[in-house]
Amino acid sequence: MSNDVHKTDKRKVALKTQGILLILSVVIFGVKIFGWALTNSNALLSDALETIVNISAAIFGFISLKNALKPRNYDYPYGHGKIEFISATFEGILILLAGVMIVMKSSYNFIFPHPPENISTGIVLALLAALLNAISGSWAWVTGKKYNSATLKAAGLHLLSDTLSTFGIVLGLSLVMATGWSILDNITASGFGVFLIILGIRIIRESLRDIMDKADPELLKKFVNYLENVRRDDWVDVHNLRLIKYGADIHVDCHLTVPYYYTLKQGHDLQEGFTDVIRGFFG
């Protein structure tokens, strides 16, 4: 029971974090859309459109984390944690679509160009948005790593990449202001769109691997080394070991061979101790 309570507390922290990220995403979107309205910059519009993805993903992430809080039951004996992987997949799809839309919009503006205005003001607002993204993205990534939340880690990666791309847009606008070549605004937006397409594909691929229970050799190696270091003499053999991710939870499946002369109670006590050792590694 105490272990289930501990997992619930972790998920509540993740849920609270996701809720704050949603509020921050709305604020950042307001800053970016205000910058676009002042400058008429295609690059800033692209950045603002990408933030709509952040908001949509934050809403879906909040819903998924709220569902992940539900306890295990007869229908879902391993819990509801895998919905986090579905959330990450959804976020990747939104990022991919945003990238495609940005590339299409930029291509249109190559044919029908319109020069940006008030570029210096747009740069200041873009830098403010980048700062907010950097803070929220770092917080989401660290919290996601700490509580093993696929939703928060995907959001953190997305927000941090958004920060870098915003800096790229600032660089592009600075070149437009310095040279007067408005075409650089479209080139910057196109590069940003391609970057989002690549990022979206990456997130989709990684989340689908988790949905399909792809093995994590690095985690398995660390766990095996840990078992070797704490091994007891009466652990005759540990085999058929598998680690399966269920969102923030990890299901450990293995066979433990005990000495043949142990009584049923001794074997049961040994198994309970082995379980405590496993929890000592995963928390």
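Predicted model: local features only at pLDDT ≥ 70, side-chain atom pairs only at ≥ 80, totals over all residues.

Colleague: Let's begin with two helices. Why are α3 and α6 called roughly antiparallel?

Modeller: Look at the angle. Helix α3 covers residues 83-111 and helix α6 covers residues 183-211, and they pack at about 160° with axes 7 Å apart. Anything over 145 degrees counts as roughly antiparallel, so that's the label for α3 and α6. Their crossing is left-handed, by the way.

Colleague: What sort of residues make up the contact of α3 with α6, by class?

Modeller: There are 24 nonpolar, 10 polar and 1 charged residues in it.

Colleague: Which residues of α7 and α8 make the contact?

Modeller: From α7 you have L219, K222, F223, Y226 and L227, and from α8 there are F274, V277, I278, G280, F281 and F282. By class, that contact splits into 9 nonpolar, 1 polar and 1 charged.

Colleague: On to single residues. Why does K32 count as buried?

Modeller: Its relative accessibility is 4%, and buried means under 20%. So K32 counts as buried. K32 sits in helix α1, residues 2-39.

Colleague: What is K32 in contact with, leaving aside its neighbours within four places in sequence?

Modeller: Quite a list: D47, A48, E50, T51, A129, N133, D162 and T166.

Colleague: And T163, buried or exposed?

Modeller: Buried, because its relative accessibility is 6% and the cut-off is under 20%. T163 is in helix α5 (residues 150-179). Not counting residues up to four places away in sequence, T163 touches A130, N133 and A134. N133 is also on the contact list of K32.

Colleague: What about I63: why is it called partly exposed?

Modeller: I63 has a relative accessible area of 44%. You'll find I63 in helix α2, residues 42-68. I63 and L15 are 48 residues apart in sequence, yet their C-alpha atoms are 8.8 Å apart in space.

Colleague: Now the charged pairs. How many salt bridges are there?

Modeller: The count comes to 5. The general idea is that side chains of opposite charge can pair when their charged atoms come close.

Colleague: How do you know that R202 forms a salt bridge with E206?

Modeller: Their closest N and O atoms are 3.4 Å apart, and the rule asks for within 4 Å. R202 and E206 are 4 residues apart in helix α6, so about one helical turn separates them. R202 is partly exposed at 37% relative accessibility, and E206 is partly exposed too, at 35%.

Colleague: What makes D234 and R232 a salt bridge?

Modeller: The closest N and O atoms of D234 and R232 are 2.8 Å apart, and the limit is within 4 Å. D234 has a relative accessible area of 12%, so it is buried, while R232, with 39%, is partly exposed.

Colleague: And what does the salt bridge of D253 with R242 tie together?

Modeller: D253 and R242 have their closest N and O atoms 2.3 Å apart. D253 is in strand β2 (residues 249-257) and R242 is in strand β1 (residues 237-246), so the pair ties together parts that are 11 residues apart in sequence. D253 is partly exposed with a relative accessible area of 22%, and R242 is partly exposed with 49%.

Colleague: One last residue. What is the phi of N240?

Modeller: Phi of N240 is near 55°, a positive value in a residue other than glycine. N240 lies in strand β1. At 49% relative accessibility, N240 counts as partly exposed, because exposed would need over 50%.

Methods:
Residues numbered from 1 in each chain as written. Heavy atoms only, no water. Axes fitted to C-alpha atoms, helices over the stretch in contact; angles between N-to-C directions. Parallel < 35°, antiparallel > 145°, perpendicular 65-115°, else oblique. Left-handed = near helix turned anticlockwise from the far one by under 90°. Nonpolar A, V, L, I, M, F, W, Y, C, P; charged D, E, K, R; others polar. Buried < 20%, exposed > 50% of the residue type's maximum accessible area, 1.4 Å probe, protein only. Contact = heavy atoms within 4.5 Å. Salt bridge = Lys/Arg side-chain N within 4 Å of Asp/Glu carboxyl O.
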